[in-house]
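Hello,

Here is the structure you asked about. My notes follow below it.

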Amino acid sequence: LAAQGQCRITLLFNNASAAFMSELLMGCLAQSRLSDVILEIEPWSEGEPFETLATRLVRQRVEGVLLPGLLCDEPEILRALSAAGLEVGRIAATQE
């Protein structure tokens, strides 16, 4: 997402555990400094339609969205963000 220089990327989250989000946030912040990326954190509530979320992010001039955990496997959110012209990065848990 950040290959073309400075851009704004949103890390989207919904009701994740504090430990998971803390570790994820620290990694994202470290990488954003190295990649000249402005990282924003955006909560999403389950009742909000994905199209409304995508419209809000476009209005905020976000260029890309990072989807952690279960959100990255949700086909409807992927379609809505893509239809809005947003780049999407998926952060999936690894199996150890």
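**Strand S3 and its neighbours**

S1 (7–13) and S3 (64–68) pair in the parallel sense, over 3 bridges. Strands and helices here are DSSP runs, numbered from the N terminus: E for strands, at least two residues, and H or I for helices, at least four. Two strands count as paired if DSSP finds at least two bridges between them.

Before you read on: this is a predicted model, where local features need pLDDT of at least 70, side-chain atom pairs count only at pLDDT 80 or more, and totals for chains, interfaces and linings use all residues. Residues are numbered from 1 along each chain as its sequence is written, and side-chain values use heavy atoms, with hydrogens and water left out.

Back to S3. Leucine 66 is the bridge partner of leucine 11. S3 also pairs with S4 (residues 87–91), again in the parallel sense, over 5 bridges. There, valine 65 stands opposite valine 88. S3, H3 and S4 form a right-handed β-α-β unit. Right-handed means that, with the strands pointing away from the viewer, the path from the first strand over the helix to the second runs clockwise.

S3 is mostly covered, with 5 of its 5 residues buried. Buried is under 20% relative accessible area, exposed is over 50%, and partly exposed is in between (1.4 Å probe, protein chains only). In a regular strand the side chains alternate between the two faces of the sheet. In S3, Gly64, Leu66 and Pro68 are buried on one side, Val65 and Leu67 on the other.

**Helix H2**

H2 spans residues 50–59, and its buried residues are Phe50, Leu53, Ala54, Arg56 and Leu57. These sit on the same side of H2, because they cover an arc of only 160° around the axis. The arc is taken from the directions from the helix axis to the C-beta atoms. Glu51 and Arg59 are exposed, on the face turned away from the buried side. The buried residues pack against S1, S2 (37–43), S3 and H3 (75–83). Contact means heavy atoms within 4.5 Å. After H2 comes arginine 61, with a positive phi near 60°.

**Serine 32 and the cysteines**

Serine 32 is in H1 (residues 18–35). It is buried, at 9% relative accessible area. A polar atom of its side chain lies 2.8 Å from the backbone oxygen of leucine 29. Serine 32 also touches Val37 and Leu39, leaving aside residues up to four places away in sequence.

How many disulfides are there? The count is 0, with a disulfide taken as a pair of cysteine sulfur atoms within 2.5 Å. Cysteine 28 is buried at 12%, and cysteine 72 is buried at 1%.

Best wishes

Key. A polar contact is a pair of N or O atoms within 3.5 Å; within protein, one must be able to donate a hydrogen and the other to accept it, and residues adjacent in sequence count only if both atoms are side-chain atoms.
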